Amino acid sequence: MRKLVKTVNVATDETGEETFFLDYYILEKEVQVEGICVSRFGLEIYKRARRTDGTPYAEYRKVFDVFQTEAEASEVLHLLARNTVTPISMKEILEDLLGNSDFAGEVSLVEAV
């Protein structure tokens with residue numbers, strides 16, 4: 001499951017023009033723990049924008065199996081959104097917050113769409 005929790009418009013110039021969007025998602029996955037299915041939760045930040053030539057641009061980072069409850073994931077995700085954390089810095093911020101530097105299920109991508 002992938003659930004959109006918040007979208008942040010980021011304007012960086014003096015006109016207030018929206019230069020990019022950050023979408024914050026909670027990821028849910030069922031895993032087997034000692035023969036029992038349990039839900040584990042992760043996070044995704046998806047950045048979408050247009051380059052100056054109009055070409056669409058996307059960047060994202062996902063980390064899986066980080067939280068045991070959706071409430072924990074939601075609390076951290078709202079903190080990331082409040083501070084406008086981007087995909088590129090997400091891993092380092094989570095390492096500082098959670099005291100963990102090993103995210104076994106991590107995926108990231110930067111591409112022109």
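Author: Contact means heavy atoms within 4.5 Å. By that criterion, residues 24 or more positions apart account for 52% of the contacts in the protein with a separation of 6 or more. The model is a predicted one, in which local features need pLDDT of at least 70 and side-chain atom pairs count only at pLDDT 80 or more, while totals for chains, interfaces and linings use all residues. Residues are numbered from 1 along each chain as its sequence is written, and side-chain values use heavy atoms, with hydrogens and water left out.

Reader: How do you know which elements the protein has, and in what order do they run?

Author: Helices (H or I, at least four residues) and strands (E, at least two) are DSSP runs, numbered from the N terminus. The protein has two helices and five strands, in the order β-β-β-β-α-α-β from the N terminus on.

Reader: Why is E44 called buried?

Author: Buried means under 20% relative accessible area, exposed over 50%, and partly exposed in between (1.4 Å probe, protein chains only). E44, which is found in strand β3, has a relative accessible area of 1% and is therefore buried. Of the 113 residues of the protein, 33% count as buried.

Reader: What makes the pair E44 and R2 a polar contact?

Author: A polar contact is a pair of N or O atoms within 3.5 Å; within protein, one must be able to donate a hydrogen and the other to accept it, and residues adjacent in sequence count only if both atoms are side-chain atoms. The side chains of E44 and R2 are joined at 2.8 Å, so the distance lies within the 3.5 Å limit.

Reader: What makes a set of residues a nonpolar core?

Author: Such a core is a set of buried Ala, Val, Leu, Ile, Met, Phe, Trp, Tyr and Cys residues joined through side-chain atoms within 4.5 Å. The largest one here has 23 residues, and Y24, L43, L80 and L94 have the most contacts inside it. Its largest share, five residues, comes from α1.

Reader: How do you know that the span of α2 is close to the expected one?

Author: The expected span of a helix is 1.5 Å times one less than its number of residues. Helix α2 (residues 87-98) has 12 residues, and its 17 Å from first C-alpha to last is close to the expected 16 Å.

Reader: Why are the buried residues of α2 said to be on the same side?

Author: The buried residues of α2 are P87, M90 and L94. They cover an arc of only 20° around the axis, which puts them on the same side of α2; the arc is that of the directions from the helix axis to the C-beta atoms. On the other side, I88 and D96 are exposed.
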